[in-house]
Amino acid sequence: MPRTQVAIVGAGPAGLLLAQLLHLRGIDSVVLERHTRSYVEARIRAGVLEQGSVDLLTKAGLADRLHRERLVHHGLELLFDGVGHHVPLTELAGRELTIYGQHELVTDLVAARLDTGRPLLFEAPAVGIDGLDTDSPVVHYVHNGRTEELHCDFVAGCDGFHGVSRPAAAGLTRYEYEYPYAWLGVLAEVAPSAEELIYASHDRGFALHSMRSPTLTRLYLQVSPDASVSAWPDERVWAELRTRLDRTSGFELADGPIVDKAVTALRSFVVEPMRYRRLFLAGDAAHIVPATGAKGLNLAVVDVAVLASALTRWFADGDAAGLESYSDTCLARVWRVQHFSWWMTSMLHRAPDADPFTRRLQLSQLRYLTSSAAAATSFAENYVGLPFPEGAQ
């Protein structure tokens, strides 16, 4: 029967990066992914990487194409009252941001994994995990029409919010919050209309101008959670974007063919602890943040960096200290990011029952943020990403 040191469930950024970090340390793993390779590599997701994430990817030999094709940002713009306010992130916090689509990163990670010759099985859904209270857990999965068993020393649950890993754990506490709005996200084949991200707070709702490359623009509109894509034809999308991104002068939104369109609910979700015996949860399997602060992918990177270091110590000399502290180490960052993302989301979005008092509180916060060096510095430090925790390599 197959056996490996670490069974990794899920071939998203968390699972694939963990596999590569373990490979570089001589630790064997098998990666199981329920979807096809083409699906995984085409799935449109986040696109903002913190400098710490880029530094880790570079150190792991995974960032050659990223460095060639990325967009580097040193600031962003907050737009309200028809006026844009530049926030110089790098000047305030000493770190830069990278724009590089998550699907491009996953493509790079898949290629790197295949180059190692270690197993990466697509269309191999994990259907159950047991034996977590023993020294040889078993992951049950289906591949080529047959149910198989993968025995291992540890299981890394990197299979997202709807995966099988988290339900296999006992005694977890869930913390969650559903926001009363969602994002309509579109990807358009048109050059970005600005050099930096624009976060817009408008009386009609939030909007975001982002990008994926010099020829692809990523745009978002606040909509209701029950909004249907069919209710938002391209013409309506562009008209609403022009309204919410409008300013007194100096900006014109260019439009083009929309090649992807989807509605995504905003939620905050955390489970504690992020470990159950020999199962370790990472990325969306353990926590989800609203996309406003661009933190989900970066949190996953930190999770697996901490986990890779802890597993390295255990396999090297049986030192379990890093494994024992894994959850506490990661959760300290997770809750800081949750608060920042909740705060930023609350400041920028229009609540369904918003009253004039609440709206003026939001505008007061935005005016303070863009006029106070102290407030802007705190914002910048959180937005560009705090330093990695000790032990994350």
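Strand 1 (residues 6-9) pairs with strand 12 (residues 154-157) in the parallel sense, through four bridges, where helices (H or I, at least four residues) and strands (E, at least two) are DSSP runs numbered from the N terminus and two strands count as paired if DSSP finds at least two bridges between them. Within this pairing, Phe 154 of strand 12 is the bridge partner of Val 6. This is a predicted model, in which local features need pLDDT of at least 70 and side-chain atom pairs count only at pLDDT 80 or more, whereas totals for chains, interfaces and linings use all residues. Residues are numbered from 1 along each chain as its sequence is written, and side-chain values use heavy atoms, with hydrogens and water left out.

Contact means heavy atoms within 4.5 Å.

The axes of helix 1 and helix 8 (residues 296-317) come within 9 Å and cross at roughly 30°. That makes helix 1 roughly parallel to helix 8, on a scale where angles under 35 degrees count as roughly parallel, over 145 as roughly antiparallel, 65 to 115 as roughly perpendicular and the rest as oblique. The crossing of these two helices is right-handed, a crossing being right-handed if the near helix is turned clockwise from the far one by less than a right angle, and left-handed if anticlockwise. On the helix 1 side, Pro 13, Ala 14, Leu 17, Leu 18, Leu 21 and Leu 22 take part, and they meet residues of helix 8 including Leu 297, Val 301, Val 304 and Leu 311. The residues of this contact divide into 14 nonpolar, no polar and no charged, with Ala, Val, Leu, Ile, Met, Phe, Trp, Tyr, Cys and Pro counted as nonpolar, Asp, Glu, Lys and Arg as charged, and the others, Gly among them, as polar.

## Helix 9 and its partners

Helix 8 also packs against helix 9, at an angle of about 165° and with the axes 9 Å apart; the two helices are therefore roughly antiparallel to each other. Helix 8 passes helix 9 in a right-handed crossing. Among the residues that make the contact are Asp 303, Arg 313 and Trp 314 of helix 8, together with Tyr 326, Cys 330 and Arg 333 of helix 9. By class, the contact of helix 8 with helix 9 has 13 nonpolar, two polar and three charged residues.

Helix 9 (residues 321-348) packs in turn with helix 10 (residues 356-369), at an angle of about 115° and with the axes 8 Å apart. Here Trp 343, Ser 346, Met 347 and Leu 348 of helix 9 face Gln 362, Gln 365, Leu 366 and Leu 369 of helix 10 in the contact, which comprises five nonpolar, three polar and no charged residues.

Three strands form an open sheet in the order 9-10-11, with antiparallel pairing. Strand 9 (126-130) and strand 11 (146-151) are the edge strands, each pairing on one side only, and neighbouring strands of this sheet are turned by 25° against each other on average, direction ignored. Strand 9 is joined to strand 10 (residues 138-143) by four bridges, and Asp 130 stands opposite Val 138 in strand 10.

## Backbone details

Asn 144, in the loop between strand 10 and strand 11, has a positive phi of about 55° although it is not a glycine. The peptide bond from Glu 272 to Pro 273 is cis, with omega near -10°, and Pro 273 is placed in the loop between strand 17 (258-272) and strand 18.

Methods: Axes fitted to C-alpha atoms, helices over the stretch in contact; angles between N-to-C directions.
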